[in-house]
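Thanks for coming. I will take a few minutes to walk through one model, and the sequence and structure are up here for you to follow.

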Amino acid sequence: MKQYVWLNPVSVAMYGGDDLIAQLKAKGMEPVECRLDHAGFVREKYRHAMGKAGGCVADMRCPLAVDYVKERYAPDFLEYPPIEPILLHCARELHQRLLGAGELLVTTPCRALKELGTSLRLPGVEFLTFLELARRHGISLHKKELEESPIPPGFFAELNDRIEILDSRVKMDDYFSAPAPKTLPALLELLYCEGGCHRGDGVWEGAE
Ligand code: SF4
């Protein structure tokens, strides 16, 4: 059966290039890309969510951050809109497009997104971290040191000037340990890994 593989933008920025593509093809995998602007779609969904929210909207893109905040702090002012992470929007597009054409491997920058993707139970789709894919197929990697994530903190800045960015577990701890602010932000951007997904446990070996 034909095997397609989608490399998430973080993995591409950290490990991508002609050599990686050649290795994937040599192992029988066909790299595929999304055609739709899912980052833009997701941002618009948050614009809509903020417009109808009574409290402060939580950024739902990072499942580990959302679970952490819910389990550890459960703030009563946060609203959790049912907006899937960008990566799952990408996976759904490719799943629809490639339905019946072969197996689709969707790489993630972390185990949390892998687990969330797997929970969708999309037929013919396997979610796995980028490092798992590399190990499974004996791919040799050439890592680039990134100054910042390809999707850096500040994703929602153009939507509203009342966005608070908590782009690490430590920042979330500091924020939620303090008394709730009198004036709430419109949205809390939540990322568990410091600075974003380039520190995810599926792309950064030191994080595993
Ligand atoms: S890589 Fe880190 S910041 Fe990005 S979604 Fe996964 S846990 Fe969250």
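I will go through the sheet, then the core, then the aromatic rings.

Before that, the ground rules. This is a predicted model, in which local features need pLDDT of at least 70 and side-chain atom pairs count only at pLDDT 80 or more, while totals for chains, interfaces and linings use all residues. Residues are numbered from 1 along each chain as its sequence is written, and side-chain values use heavy atoms, with hydrogens and water left out.

Let me start with the sheet. Helices (H or I, at least four residues) and strands (E, at least two) are DSSP runs, numbered from the N terminus. Two strands count as paired if DSSP finds at least two bridges between them. On that basis, four strands make an open sheet, ordered S4-S3-S8-S7, with parallel pairing. S4 and S7 are the edge strands, each pairing on one side only.

Look at strand S8, residues 187-190. Its parallel pairing with S7 runs over four bridges, and that with S3 over two bridges. Leu188 in S8 is the bridge partner of Glu164, and Ala58 also stands opposite Leu188. Glu189 in S8 is the bridge partner of Ile165.

Is S8 covered on its faces, or open? Both faces are covered: Leu187 and Glu189 on one side, and Leu188 and Leu190 on the other, are all buried. Buried here means under 20% relative accessible area, exposed over 50%, and partly exposed in between, with a 1.4 Å probe and protein chains only.

Helix H3 lies across S3 (56-58), S7 and S8, and runs at about 150° to S3. Axes are lines fitted to C-alpha atoms, for helices over the stretch in contact, and angles run from 0 to 180 degrees between N-to-C directions.

Now the core. A nonpolar core is a set of buried Ala, Val, Leu, Ile, Met, Phe, Trp, Tyr and Cys residues joined through side-chain atoms within 4.5 Å. Which residues of the largest one touch the most other members? Of its 47 residues, they are Tyr46, Phe176, Leu188 and Leu190. Helix H5 (residues 86-98) gives this core its largest share, seven residues. Another core, of 16 residues, lies apart from it and includes Leu7 and Phe130.

Taking contact as heavy atoms within 4.5 Å, Phe176 touches, among others, Val69, Tyr73, Leu166, Leu188 and Leu190, leaving aside residues up to four places away in sequence.

That brings me to the rings. Rings of Phe, Tyr and Trp (its six-membered ring) pair if their centres lie within 6.5 Å; planes under 30 degrees apart count as stacked, over 60 as edge-to-face and the rest as tilted. This rule gives eight aromatic pairs. Tyr46 and Phe156 are edge-to-face, because their ring centres are 4.8 Å apart and their planes at 65°. Tyr46 is in H3 (residues 38-52) and Phe156 in the loop between helix H7 (130-136) and strand S7 (163-166), 110 residues apart. Both are buried.

Tyr73 and Phe176 are stacked, at 5.5 Å centre to centre and 25° between the planes. Tyr73 is in the loop between H4 (63-72) and S4 (78-79) and Phe176 is in H8 (residues 169-177), so this pair ties together parts 103 residues apart in sequence. Tyr73 is partly exposed at 23% relative accessibility, whereas Phe176 is buried at 11%.
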